[in-house]
Amino acid sequence: MPRTSHWLLRGLHHVDGILLTLALLVLGISLAVVTSASGQSPVRISGHLVNIGLALAVMVLMANVPPHLLSKVGPPLYAAGVVLLVGVALFGEIRNGARRWLDLGFIAFQPSELLKLALPLMLAWYFQRNEAVLRAKHFMVGGILLLVPFLLILRQPDLGTALMLGASGFYLLFFAGLPWKVILGGATLGAASLPVVWGLMHDYQQRRVLMLLDPASDPLGAGYHIIQSTIAIGSGGLFGKGWMQGTQNQLDFIPERTTDFIFAVFGEEFGYAGAILLVCLYLAIVARGLVIAARAPTLFGRLMAATLSLNLFTYVFVNMGMVSGILPVVGVPLPLMSYGGTALVTLLLGMGILMSVATHRQLNKS
Amino acid sequence: MPLATPLKNLDRELARFHGRLKAGGIFVVLLAAALLGRTFYLQITQHDYYIQRAENNRISLVPVAPNRGLILDRKGRILAENYSAYTLELARAQPHDLEATLTEVAKLIEITPGELRRFRRLLAESHEFETVPLKSKLTDEEVAILAANRYRLPGAEVKARLFRNYQAGPGMAHVVGFIGRINDRDLKSLRESGREQNYRGTVHIGKTGLEQSYETLLHGRTGFDQMETDASGRAVRALSRIPPVPGKDLRLYLDEGLQAVAEHAFGDYMGGLVALDPNTGGVLALVSKPGFDPNLFIDGIDPETWKTLNESPERPMVNRVLRGIYPPGSTIKPFMGLAGLELGVRKPEDTIVDPGYFSLPNSSHQYRDWKRGGHGIVDLRRAIAQSCDTYFYKLAVDMGIDRMHDYLQKFSFGEKTGIDLDGESAGLLPSREWKQRRWKKVWYPGETVIAGIGQGYHLTTPLQLATATAMIANGGKRIEPRLVQAVRDPLTHVWQPQPVVVHEQLPLKPEDLAVVRQGMLDAMRPGGTAAAAAAGAPYTIAGKTGTAQVVGIKQGARYDAGSLSRKNRDHALFIAYAPAENPTIVVAVMVENGGHGGSTAAPIARAVFDYYLTGKRPGNMKLEGGSDASD
């Protein structure tokens, strides 16, 4: 027994205290809001607790995997992901008009989820490998590595996931040193090609964008979600209506309120003060991640830590932007807040990697 | 890991990376600022707007329909009351879904073809957001079955609704009337009179009778429940309530027992009867036969039944007392006599010798008296008692149609009486001017002659006859007939008496009035036209018979009731009041195809007098279910 506890204690050595504290604070808020949003449903609350426990365990586990071992997982994971995406394109199952799902007989899943982690790992591995001789061609290869899954997911079609994946790939290239003139040139080109993109977009994608511009145009249809969530947030005021006192929440006006729209519940019950606190907590997590990146001894660690940090905030931005009505409705959960096991495990897995990068610095040196 | 890279190079790379981290950090802070800017806008700048929208989401006003006022007879017996019952109602939906639900419902509970027809008619008339009743008065078992199968019946709802019960039955239908579902026309008039808001939550509205004319009082004021409702519109809890104010109760002058006696006295005959209190104008009985069951109409009548009622040659839907117009016949004679005296055309002692006919100067046309050979020497009193036509032919000619018109008008002939029921007919009181206007023809002297005995153009309702007769009984007061005696405030429970409305007081000379009264008294005595009907009465009756021709009788032919089919027989009329010395009740009776007034109409009036003045019921009238055990 003493040996086991010793082993456990050693495992906890790789946990970054600051990151863990911040994560636990957000998770605590999440538990309170899920309790309120689910109408104190014991099933939901216990389910959420189990998810949190599981995700924390995965985080601790990942924190103990040394970065150099992790970097070796990149290429095979990426290869498998791309193969599965091709498989989806060829044999995928169509659900809700899009070919996203792969039915492996025992389990049906979206390979695009796998890429969210595989792509940064792959790119970080690639740049680490070529660290000494980094040239323009390496960025071109990196760009291709990014574009392959991006385009495969785009034609499923799944614009939201493709953009999120594209963003994480872009962050990695950016931190790897992608020249500013390429970035600015690309941005200009992108802006110029917006009308073309609009033309290529599917009807429902165009509708979502239009809906954003004027949710009142379809108050009972797709606009309903945005209208009700903005009402919830706006009616919260400075200090909110109080925990479990939000009428929009309690009376079912907010859709998907334990998952994607949980920020509407939070904003209604805790107000602007709550929103500031939550955003600050996220900023602190990002800041800690960037500090870890700055201190990381290897390029792989630096790139992974910086990319994962920015990625987290991108999710925060896209979700809150959607719920508060400045971005189109895309099914993106709010990191550490939304109910849902997969997203939570993926997220804390990423934080585990951050911790691994943070704590294996000295070990690597020694 | 090979570390061949020069240190300087590595430092430069690190510095660049740190620069990128700063850029990334700035990017994140900008995104955060955008988010907090947006939430600031929503939660601080626009807070008032959104809190209002959230309140609008949350709170809904549910109208609470007030209880409708009761209608009671003079002794407090209930003529119209409320009860609550469960109704199966269907929401308007896609036709396919509706048919599917109908099919499912029919598998669970019995839906009669009549109910289905009614439902389809109501559906066609209803609005988008209304629910349409399929079956009313569900039994507890049916409610349970429907509740258990709710998931199979999309759009079907079981609702508790207030209904009206008219337990007095068909005899009272023309008085009380009925309520029915609010239709487009009702809605329009409610909107125009600014009462629409008060009818939110109300399903029914008075359509005829007192239910219609006293709608405003009976309805009451709609209350509102402020409910907290969830997103699906389900009420979660009540926040506050403005209670509804129930409608006012009405107490009538009318006596349900007297009404039943009068109705019974008609036997198989159709017709109308109205009994008034000559001192108040209170309607003591108002019978229009045949009646109908008002309960059929409350939740929409099925089209088949409606067709039967509406197209019946007996016309049960027509209130004969208010809307039936007939030539007054000889019942006009007391009024003609009074006119002659008051206008100075006749003195009481003036007599004529009646040869059995009247001829205009320079004309060979004979206007016959009903009595072959005539009545001999007659003064006014006798002329009324024996209904001498010749006397009144001559009087009419001496008076002239214009004076006749103007004077008779004071008795409400040709004018509405002002009763508190809608749809009253004004009848027709002819004049020279009227004929010119209506027919563009001159008035012929012969028309004046027959007008003297209430024939020709003159048309009157039984209600006008009763109102006019009451003026003889009360000394010239033209009082508007009233059904409602008092109105009870639902909150204070205090009965507020309704005012007696005296339309006009005619300055009749008592001696003139006495002559006419005496003539009417004599009519009920041996030798009078209705003596048989008064025989053995422990009180005195003053009356006048009349007949209204249905088909014209050719010159030289005699009217023979036996040879005419019943529907071509004359309508029998009778007006009377009693006790003659101090009248407390006035009656006007019209019996369709009843022949002579003395033989069919007068006995009906007698039965009414007997019951009202002595409490005696016709011997062959069975007591019904103790409905008037309190008498």
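## A hairpin in chain B

Which two strands of chain B form a hairpin with 6 residues between them, and which residue in the turn has a positive phi? In this predicted model, the two strands are β11(B) and β12(B), and the residue in the turn with a positive phi, of about 80°, is Gly281(B). Strand β11 covers residues 271-276 of chain B, and its pairing with β12(B) runs in the antiparallel sense over 6 bridges. One of the residue pairs that can be followed in the structure joins Leu273(B) to its bridge partner in β12(B), Val287(B).

Strand β12 of chain B, which spans residues 283-289, is mostly covered, since 7 of its 7 residues are buried. As background to such pairings, strands of a sheet pair through backbone hydrogen bonds, and they do so either in the parallel or in the antiparallel sense.

## The three-stranded sheet of chain B

Chain B also holds an open sheet of 3 strands, arranged in the order β1-β8-β9 with antiparallel pairing. The edge strands here are β1 (59-64) and β9 (235-242) of chain B, each of which pairs on one side only. Neighbouring strands of this sheet are turned against each other by 30° on average, if direction is ignored.

Between strand β8 (residues 223-229) of chain B and β9(B) there are 6 bridges, again in the antiparallel sense, and Thr229(B) is found opposite Ala235(B) in β9(B).

## Two packed helices in chain A

Two packed helices are described by the angle between their axes and by the distance between the axes. For α11(A) and α13(A), the packing angle is about 20° and the axes are 6 Å apart, and the two helices are therefore roughly parallel to each other. Their crossing is left-handed.

Among the residues of α11(A) that take part are Ser229(A), Ala232(A) and Ile233(A), which meet a group in α13(A) including Ala264(A), Val265(A), Gly267(A) and Phe270(A). By class, this contact of α11(A) with α13(A) has 5 nonpolar, 5 polar and 2 charged residues.

## Where the two chains meet

Across the boundary between the chains, 37 residues of chain A are in contact with 33 residues of chain B. On the side of chain A that touches chain B, at least two residues are supplied by each of α7 (159-176), α11 (223-236), α12 (247-250), α13 (262-295) and α14 (299-323) of chain A. The helix that gives the most to this side is α13(A), with 11 residues. Sorted by class, the side of chain A that touches chain B has 23 nonpolar, 12 polar and 2 charged residues.

Technical notes: Residues are numbered from 1 along each chain as its sequence is written. Chains are lettered from A and ligands numbered from 1 in the order in which they are written. This is a predicted model: local features need pLDDT of at least 70, side-chain atom pairs count only at pLDDT 80 or more; totals for chains, interfaces and linings use all residues. Two residues are in contact if their C-beta atoms, placed from the backbone, lie within 7 Å. Helices (H or I, at least four residues) and strands (E, at least two) are DSSP runs, numbered from the N terminus. Ala, Val, Leu, Ile, Met, Phe, Trp, Tyr, Cys and Pro count as nonpolar, Asp, Glu, Lys and Arg as charged, and the others, Gly among them, as polar. Axes are lines fitted to C-alpha atoms, for helices over the stretch in contact, and angles run from 0 to 180 degrees between N-to-C directions. Angles under 35 degrees count as roughly parallel, over 145 as roughly antiparallel, 65 to 115 as roughly perpendicular and the rest as oblique. A crossing is left-handed if the near helix is turned anticlockwise from the far one by less than a right angle, and right-handed if clockwise. A residue is buried if 20 or more other C-beta atoms lie within 10 Å of its own, exposed if 12 or fewer, and partly exposed in between; C-beta atoms are placed from the backbone. Two strands pair if DSSP finds at least two bridges between them.
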